[in-house]
Amino acid sequence: MLSYTVYSEAGGVGKTSLTANLAVAHARAGLNVLVVPLDPQDGDLSRLLGVDDDRADGDADNLVRHIVQSPRGEFEDLIRTAEGVDIIPEHNMLSDLSDFLDREQKQAETLGDAYNIYAQLQRVLQDAGVADHYDVLICDPPATESDHLYNAIYATRNLVIPVEPSAKGQASVEGLEELATNFAGQLNIDVGVLGAVPNGVKNTSDQKEMIDEIAFPTPEVIGDRTSLLEGSWKQQCSAFRYVQEHRDRQRDYEVETLAQLDRIARYLEDQGGLEAPNPPEPGALKVEV
């Protein structure tokens with residue numbers, strides 16, 4: 001199973017949009033995809049793909065309950081599906097995840113048991129047999145160092161980094177490289193960086209220089225597509241569906257962006273030793289998922 005966390009220390013770099021679109025790109029190629037978004041804030045991936053209707057329902061079962069071993073149902077019942085992608089929707093209880101984990105750890109220590117607060121998402125996914133049912137697992141944590149991020153990295157062991165083409169974005173890449181190294185050493189796990197995706201690029205000389213200095217592979221460089229991404233959020237769908245169903249005419253540069261997303265998905269699958277059974281022509285709009 002190919003598994004990765006989409007993460008950048010800088011906010012507003014299109015992290016959640018990239019996560020959703022890569023998930024759909026994998027699904028377009030015939031792969032079974034599970035996305036686990038972990039952002040406590042509104043305006044998250046569950047919102048983007050229109051599966052956030054239970055977010056504020058205090059009675060609803062949710063991932064946090066499973067992480068702290070107090071579920072109200074089966075893991076499979078948490079799953080919602082949009083555009084061929086299975087999603088564990090975010091819930092407001094994610095805001096209190098660290099407090100719940102801290103209490104679990106203290107209770108375990110009182111009983112003399114070992115408890116790794118960063119390994120709890122991985123435990124839930126293993127118990128649910130996710131690796132047996134899915135080809136691709138993607139986590140979308142918030143853009144801050146947190147237990148959400150650490151659980152995502154522990155579960156996936158790989159990072160994909162959206163990059164803002166600015167000095168701020170460069171600093172976030174350098175910080176993330178250090179963060180990944182420190183985290184791997186602290187928990188004695190290997191953490192790989194599959195690639196970086198420069199996003200919102202306007203091809204200025206400063207941006208080109210910054211992209212050349214990125215220490216990770218950059219399979220594609222995506223231009224400024226503010227209108228495309230804002231339209232996707234408004235219609236609560238991926239960029240693929242937005243261009244196909246909500247544009248009155250196809251714009252070549254947007255179709256090329258869809259092709260780039262398909263090619264990034266193929267690159268990541270190759271990095272994970274995964275061969276998609278039915279990869280479409282990059283950017284093709286009429287693909288059944």
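**View 1. A salt bridge between two loop residues, Asp44 and Arg55.** In this predicted model, the side chains of Asp44 and Arg55 come together in a salt bridge, with 2.0 Å from N to O. The partners belong to distant parts of the chain, 11 residues apart: Asp44 sits in the loop between β2 (33-37) and α2, and Arg55 in the loop between α2 and α3. Are these two residues buried or exposed? Both Asp44 and Arg55 are buried.

**View 2. Asp140 and Lys15 join a strand to a helix.** Here a salt bridge connects the side chains of Asp140 and Lys15, at 2.6 Å from N to O. Asp140 belongs to strand β5 (residues 136-140) and Lys15 to helix α1 (residues 15-28), so the pair links distant parts of the chain, 125 residues apart. Look at Asp140 and you will find a relative accessible area of 0%, so this residue is buried. Lys15 has 9% relative accessibility, and because buried means under 20%, Lys15 counts as buried too.

**View 3. Asp102 and Lys106 pair up within one helix.** The side chains of Asp102 and Lys106 meet in a salt bridge of 3.2 Å, again N to O. Why are the two separated by about one helical turn? Because they are four residues apart in helix α4 (residues 97-110). An α-helix has 3.6 residues a turn, so residues three or four places apart point the same way. Asp102 is partly exposed, at 33% relative accessibility.

**View 4. A salt-bridge network of three residues.** Glu220, Glu256 and Arg263 are linked in this close-up by a network of salt bridges.

**View 5. The buried side of helix α11.** Which residues of helix α11 (residues 239-246) are buried? They are Ala239, Phe240, Tyr242 and Val243. Among the elements that cover these buried residues are α1, α10 (226-235) and α12 (252-271). Across the whole protein, 54% of the 289 residues count as buried.

View 6. Most residues other than glycine have a negative phi. Gln69 is not a glycine, yet its phi is positive, at about 55°. Gln69 is placed in the loop between α3 and β3 (80-82). With a relative accessible area of 53%, Gln69 is exposed. Arg157 also has a positive phi, near 70°, in a residue other than glycine. You will find Arg157 in the loop between α7 (147-156) and β6 (158-163). Arg157 counts as partly exposed, at 25% relative accessibility.

View 7. Gly58 lies in the loop between α2 (45-48) and α3 (63-67). Which residues does Gly58 contact, leaving aside its neighbours within four places in sequence? They are Arg72 and His91. Val255 is 197 residues from Gly58 along the chain, and their C-alpha atoms are separated by 41 Å.

**View 8. Val287 in the segment after α12.** Val287 is found in the segment that follows α12. This valine is partly exposed, with a relative accessible area of 22%. Leaving aside neighbours within four places in sequence, Val287 is in contact with Arg28 and Pro280. Asp57 is 230 residues away from Val287 in sequence, and the two are 35 Å apart in space, C-alpha to C-alpha.

**View 9. Stepping back to the whole protein.** The views above belong to a protein with 12 helices and seven strands. Its radius of gyration is 19 Å, close to the 19 Å that the globule rule gives for 289 residues, so the protein is as compact as a globular protein of that length. Along the principal axes, the C-alpha atoms fill a box of roughly 60 × 40 × 35 Å. Of the contacts with a separation of 6 or more, 73% are between residues 24 or more positions apart. The accessible surface is about 12900 Å², and 40% of that surface belongs to carbon and sulfur atoms.

Definitions and conventions: Residues are numbered from 1 along each chain as its sequence is written. This is a predicted model: local features need pLDDT of at least 70, side-chain atom pairs count only at pLDDT 80 or more; totals for chains, interfaces and linings use all residues. Side-chain values use heavy atoms; hydrogens and water are left out. The radius of gyration is taken over C-alpha atoms; the globule rule is 2.2 Å times the number of residues to the power 0.38. Buried means under 20% relative accessible area, exposed over 50%, partly exposed in between (1.4 Å probe, protein chains only). Contact means heavy atoms within 4.5 Å. Accessible areas come from the Shrake-Rupley method with a 1.4 Å probe; for residues, only the protein chains shown count as cover. A salt bridge is a side-chain nitrogen of Lys or Arg within 4 Å of a carboxyl oxygen of Asp or Glu.
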